[in-house]
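Please look through the sequence and the three-dimensional structure below before reading on. The explanation that follows is meant to be read with both in view.

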Amino acid sequence: MLRFACIAFLMLACEFAIGQDKVSPIVSYDITCTFQLTFYPDSTSTIPKTESFLLFINQEQSLFKSQNRYLQDSAISASSDRADRHNLIAFLQQHRTDFDFNIVKHGCNAIQTTDRVYHDYFSYTETQGHLQWALTPDTKTIAGYPAQRATTEFGGRTWEAWFTEAVPVSEGPYKFCGLPGLIIRLTDAKKQYDFVLNGLKQSRREMRDTTPLNVTKTDKRTFFRKRDEYRANPIGVAEQSGVVFTSGRSEVAQRVQQKIKSDNNPIEFFIH
Amino acid sequence: MDERGTLIPNANIAILDKNNTISAFTFSDHDGSFTLKTALAVDTLAIKATRLGFEAGLFLVPNRSQSTQLVLKESALKLQELTVRAPPIILRKDTIDYRVSAFQAEGDRTIADVIKRMPGIEIKENGQIVYQGNPIDKYYINGLDLLEGRYNLANENLPAAAVSKVQVMENDQPIKILKSKVFSEKASLNIQLKKVTTTGSAKVGVGLSPALWDVNITPMIFKRSFQAITSVQSNNTGTDLSRQLDILTKSSQANIPAPALSIQSLNTPSISPDRWLDNRSHLASLNLIKKTRNQTELKLGLGIRDEVQQQAGRNYTRLLTPGGIVEIDEQIANRSDTKALNANLLIEKNTERLFLKNNTSGQFGQIDGDGKLSRNQLQTDQQLTARQTQLQNSLSIITHAGKQLLNINSRTVYNRRPETLAVRPGVFPDLFNAGKSLQSISQDVFTTELDARNSISFTRQFARVAFTPMAGLNFQNHQFESAMSTQAGDSTRTHGNAFRNDLKYLYLAPFAQVGGYYESSKWQIELNLPFRMYAFRVSDFTQNSHQKQTQLAFEPSLTARYRATEYTDFTSALSYSYDFGNPSQVYSGFILRSYRNVQKAQGAVPVNRILLGRIGINYKNPLSLIFINLAGSVMRIINNLQYRTSIDSTGAAELTFVLNNNTQLSRDVHLGIGKYFGGIKTSLKLNSDVGFTRSEQVVTDRQVAVRNRNYRLGLSGSTLFTSYLGVELSGNTHFFQNRVADQRQKTSSISQLLLAIDIYPGKANALRLDIERYATRGSASQNQLYLNFRYRYTFGKRKIDLEIRGTNLTNAQNYLSIVNSAFTIAESGFRLRPRQVTTGVRFPF
């Protein structure tokens, strides 16, 4: 049943994407970075998960998203043919991601995040000056780049960033930026989220803007509230949006609750 | 601003301290302006300005409040790139991904070359792939099981360059409808290709001396819903082609029973067949799979093989008999011509709602053998003809019936096998002609078998537990006929009942069982409780005797797996079962099985009760790239019959038995460790076995215990620490100890050491040197050394290889193998292929 709900969602996602694809603008990026994230979604467990992320950079802006989300979006826009639908769903299922967001930075003071709650998309911006960096004199070489350490507080965590002047872009993974060089390693003090640069390629890459069309603009507070509401009552939210459980509602509810319970350690907490 | 005076926004401006670290920084505004304060107490400030698209500028300014202008030079800044290096192994739940490029060496051509380097995976000599000590159950290519277990054809011909990753799915339940309802201990392997493509490889080689050829053309097509592998191969260079058609997985296909008659042959050496196989082999194979829109797969497999083999050498056998030691010394020159054809047509639908699989297959084979043997100057000719026909159909249906899963299985196998062995001059004159010599003797055996197995079961799920009641009926009908005729002078005589068999063996086993399966995130437990009733009827028409026997058997089995952590799991199994031998053990008339082996048994149905226990631990760590498996097993067999072989001074063996319960006990421990050192591209593997068996035998009317101990230790390593040099080293030692009653025999051992060195002096050149050393110790001992080399020149983007190979450079003549068992010592000297040189071209499509 849950699986069915997932497939239904994926199909819905295809509809959105295929519908909007033709009008979306093309952005070309000069640098593609790959980050590997090791994280603990369940703070009570010792089992880490890993996921790859992509950071696309040009002179004006950057785009940060999970690699699987990127592959999903590419697959959706590539398969216009309805006969491909079955393969597409299989592909989407193979490339699941725990991170649905798109983070677009127009410089470090204009960061727009598009994220999903159930199957509604919301976008919000960060408050200006959300990162106050403290530089340290510590240096070391990471992945062949000379790097310097800086620290900041953000989203309820203390973060340590290693940045390199060798890549003179004020960029980094997630919502992190504003240092005089690319952040190549980013770790929170509890070592629950750890981004490591494992790829950098300088070549032109043209990409369609794949943010869904029906995005609700909101503020960060509202988005986090919506997400908490969904987490508190996922089945209710699903039913409100028109999903009807013909059987096994309690079983699905139990499984969804279980899943949410084990996903208790987000990268960012909302700080009032 | 830039050199033309254009203002630069968003540039990094940083103040460096004396260690070149940044002590303060800012970014230029839209109008290119910036303000930067510092608390550094130095006279001169180092300011660094950087911006994508410009050369970094370093400016020295005096340390005071001031306004200054920084000018940057435009340049296409080349960043220091970092190539994504995916880890060599990724673990996701029960799936392990091995990235092919991480394990591939310069000289590797086929995917098998690469798989053998992967930690946790082992490729056996026959090509069988073993993961963590257990053979794989399925070999998929892009998720489709094209070859139904005949995977050598793909594994040894698919170019490694076409493959992106090799996946191992642990506890893979290939039947979708049974997922998380029926436990699977098996691991499956999937070859994930880089793209849907047409690929394959071709190889053409010629050589001396004598004239040699080696041709292998294997094109392959892999599309989303269609795959095909065709192959045409022919050689006389010692490449064993039969393995390309061997089924290497445990499948529903019935085995072809071994023939009853044989030509006296030599022990084949335990070294690579291309050192000794004197062959002329041809093979063609066609395999297709088509997946339709409604998830139905159609598969067709056709294979044809024609092979002439010759072997020459000497056998020396010492038999310990009650009457003393019998020594047999034989010079052997055999030639056999084998023709085999197999065809199968399969339809399979595998969805979450229905599993349907019907496999119809036929195998036809013919062996014509010709053996020339001389024993103590006496020439003996043997001629063997055996024809084998096997037809079978298996059907399996699993579907939902209400809330249950309904599972129907049906398999019918038909075997037909006429065999004839002619020996000239005749042997065993005492037995066949009252001591007078015979010109020839001819033995005919004709076997037909019908084996049908049918079962029906229902699976019902209650929360985490699934129950499966099952009922079924197995039926076997064997017919076994034999006749012997001898020629002495001008008269041909067909012998009477003592030398004839006409046996009908009927076996009927209805059974009922209940099975339970429990699964949680940590545990998987399966329990089966079957009751079977075995009913036999053996009718011996020559003796005019009929025996009936029924036996009720309770054959429980328990399998469990516990996942202690994501990396560690424990498995165990316990079972109790019955085995009732086979009809070839109940005939009562003499059969001449080979020129010096005439046998009879007196018909009673053997009842073997088997208790089997197994426990194992598996550990795999994809981050530190270490794989460990440790398994121990105990098997206890209680036989109701005790066999006794009596051998007279001519070497004639007669098999008899007494009704006497006796126990056979065996214990085995296996340890496998695989470790990959990513930084230095080095893979290390260790495999070791310790085995112990104890059985009771009757020797000169006295019951004695026979104990065997086996120790095997295998270590192998391969490294590619530079791109110029690759080294593979493997060593294998096998000790065998035997004790009869309290008498201890001499320990025998076989050791082999293989060293292969690959040198890549330039981009296109590759040189490989193989050194093999074998040492045998026992009743006799020997050391042997073989040298082989290969030079390969690769050109073009398509990687076309030109090769020169030299085999057996030391020109070793014979391979001596020694087989010791409780009552025999057999030494076989096998003539090897001489020194030979071949040259060829090889290219991927």
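This is a predicted model: local features need pLDDT of at least 70, side-chain atom pairs count only at pLDDT 80 or more; totals for chains, interfaces and linings use all residues.

Chain B contains 845 residues, of which 29% are buried. Its secondary structure comprises 4 helices and 45 strands. Taken along its principal axes, the C-alpha trace of chain B extends over about 125 × 70 × 55 Å. The contacts within the chain may also be described by how far apart the partners lie in sequence. Among contacts in chain B between residues at least 6 apart in sequence, 61% link residues that are at least 24 apart.

Attention may now turn to one sheet. In chain B, 5 strands form an open sheet in the order 5-6-11-12-10, and their pairing is mixed. Which strands stand at the edges of this sheet? They are strand 5 (89-92) and strand 10 (138-141) of chain B; each has a single partner strand, so one side of each is left without a neighbour in the sheet. From one strand to the next, the twist averages 20°. Within this sheet, strand 6 (residues 95-99) and strand 11 (residues 163-169) of chain B run antiparallel and are joined by 5 bridges. A reader who wishes to locate this pairing may look for B:D97, whose bridge partner in strand 11 of chain B is B:Q167.

B:L611 belongs to strand 32 of chain B, which covers residues 608-621. Is B:L611 buried, exposed or partly exposed? B:L611 counts as partly exposed because it has 14 C-beta neighbours inside 10 Å, whereas a buried residue would require 20 or more and an exposed one 12 or fewer. Apart from neighbours within four places in sequence, B:L611 is in contact with B:Y576 and B:R636. B:E555 stands 56 residues from B:L611 in sequence, while the C-alpha to C-alpha distance between the two is 9.6 Å.

The last topic is the contact between the chains. Chain A contributes 26 residues to it and chain B contributes 22 residues. On the side of chain A that touches chain B, the elements giving two or more residues are strand 1 (26-39), strand 7 (134-142), strand 8 (145-154) and strand 11 (193-208) of chain A. Strand 11 of chain A provides the largest share, with 6 residues. By residue type, this side of chain A consists of 13 nonpolar, 11 polar and 2 charged residues.

How values were computed. Residues are numbered from 1 along each chain as its sequence is written. Chains are lettered from A and ligands numbered from 1 in the order in which they are written. Two strands pair if DSSP finds at least two bridges between them. Axes are lines fitted to C-alpha atoms, for helices over the stretch in contact, and angles run from 0 to 180 degrees between N-to-C directions. Two residues are in contact if their C-beta atoms, placed from the backbone, lie within 7 Å. Ala, Val, Leu, Ile, Met, Phe, Trp, Tyr, Cys and Pro count as nonpolar, Asp, Glu, Lys and Arg as charged, and the others, Gly among them, as polar.
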